[in-house]
Amino acid sequence: MKPLSGLDATFLYLETPETPMHVGSFCLYELPPGFKGSFHRAVKEHIARRMHLAPIFTRRLAFMPFDLGHPIWVEADQVDLDFHIHKAPGRRLTVRQAEAAAAKLHSRLIDREHPLWEFHIFDDIRPPADMPHAGRLAGFYSKIHHAALDGKGGTVLANAILDIGPTPREVAPPDDAGRPRKASELKIGEMIGAVFSNSLVQYAKLARSLPAAASSLGGTIARRSVRGGGDGLRARMPLQLAPRTIFNVGITPQRAFATATLPFAECKALAKNVGGSFNDIVLWICATALRDYLARHGTLPKKPLVAAMPVSLREESNKELNNQASITVVQLGTHIGNPLKRMNAILESTAKVKEALAGLKSVLPTDYPSLFAPWLVGGAGKAVFRTYGRSGITERLPAIANLAISNVPGPQVPLYLAGARMVTFHPLSIVMHGLALNITIQTYAGRVDFGIIADRKAVPHVHDLASALEHAFEEAKGLFAAPDVQAPETKPPRKKPAKKAATKAPAGVARKRAAVAEAA
């Protein structure tokens, strides 16, 4: 009997009606030629044949006696597919109407008495203007609790229900060996014993890891507490706080959702031209779009916006399905009007993040002792979290980040569900008090699909932000389409002879720092 990890359980403990802790996606599927009938019915029959391939379909939560420790996963007595797989109302909906329906569905909590997943099928979607030759389209909105799913679990789920061709593959029959036990099979004494044994293991792990963690963290803080070199060393704060924006507020249960799509190959080529990664060019596109949005609907701060970004801590050999991730922060250079200097600022910031993670990744914890955690984290912690969001404190306290941005790599081949081809793959993630905006990027089959989820009151104009992302990409093509892009003339550092020199944006990772220094 193994309880949920501390990180997985925290997604449960901190969940409130204003802050649902599930993730999802909204996908368009092109139905096969000549398809007749209901895609909803076809999906339900398809899932029924494959439920045994992914544990998420059949396991539900069992809570410890007296909430002494983290919950555990048990096998559900039965799974009612009519409860989990719904037919969304409406006919011939536009994509925007379906996105609005997905936003409303995303605002509702998942029922914890059942396995923590829901699928909603839109049987008939009107083809958008950018798909004039598409056949009959259907929509598919998925919602899965983050306690049950991380990147590894998502891969297992996708492998279970999706195919690489229009003909669904034959799957092996279920094998009951190794399945979780049912709640009725658990004994109270055994569950309490599991809490104590798990906590002892976690305390021992913490004791062993503390020296290495303290050393790595101390070294990272020391490196980030100074700037300059030689005789020019100066002290600075190791963590730069984020400026106040319209995104840093307490949130409501209501959500707004919008999507945008860019070509993957062109984005990769632009990244190569500036000597950065795909993630760097995506951050520049987001930063440029945010500048445009705040100029129209808010106030653009004089300091750079800061993005919170999840980073995986999973080792290649680790096959567990629990969450193994942490959060880092990246400055977006939004205060810089010159787009080339903004790119250099982002390259500098991401380089520092990579340097810091190199020393911290192996020692950052994703688990903590289970004993009394539901009382401490789920009770006191949730009360503090709610107070933070509802009392106006969010708007007054300093912010660590302004928004969340996540980049999820996906397959570059088309995938199929019940014979229908997946055309788009737009993610929906989590917003919370103080972070009312989340932009998640999913690459799939030559596309870069953006999913923008936000608190509807704080960010009502999400479609303007989606348009701004597409406009930023067009601007990037004009700036970075040619290799070895020329940067503007800049003044040299003060201690160098005063002269102007035409500098180049970095053509390789090794040249990033020089370009940043010249652009400062």
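Colleague: Which residues of helix 7 are buried?
Modeller: Phe264, Cys267, Leu270, Ala271 and Asn273, in a helix that covers residues 264-273. Buried means under 20% relative accessible area with a 1.4 Å probe, protein chains only; helices are DSSP runs of H or I, at least four residues, and strands are runs of E, at least two, numbered from the N terminus. This is a predicted model, where local features need pLDDT of at least 70, side-chain atom pairs count only at pLDDT 80 or more, and totals for chains, interfaces and linings use all residues. Residues are numbered from 1 along each chain as its sequence is written, and side-chain values use heavy atoms, without hydrogens and water.

Colleague: What do the buried residues of helix 7 pack against?
Modeller: Strand 9 (255-263), helix 8 (278-297), strand 16 (437-444), strand 17 (447-455) and helix 12 (462-480).

Colleague: And what comes just after helix 7?
Modeller: Gly275, with a positive phi of about 75°.

Colleague: Cores, then. Which residues have the most contacts inside the largest nonpolar core?
Modeller: Ile405, Leu437 and Phe450, in a core of 74 residues. Such a core is a set of buried Ala, Val, Leu, Ile, Met, Phe, Trp, Tyr and Cys residues joined through side-chain atoms within 4.5 Å. Helix 8 gives the most to this core, 12 residues.

Colleague: What does Phe450 touch?
Modeller: Leaving out residues up to four places away in sequence, its contacts include Ala258, Val282, His426, Ile439 and Leu469; contact means heavy atoms within 4.5 Å.

Colleague: Strand 10: in which sense does it pair with strand 12?
Modeller: Parallel, over 2 bridges; pairing needs at least two DSSP bridges between the strands. Ala307 has Leu403 of strand 12 as its bridge partner.

Definitions and conventions. Buried < 20%, exposed > 50% of the residue type's maximum accessible area, 1.4 Å probe, protein only.
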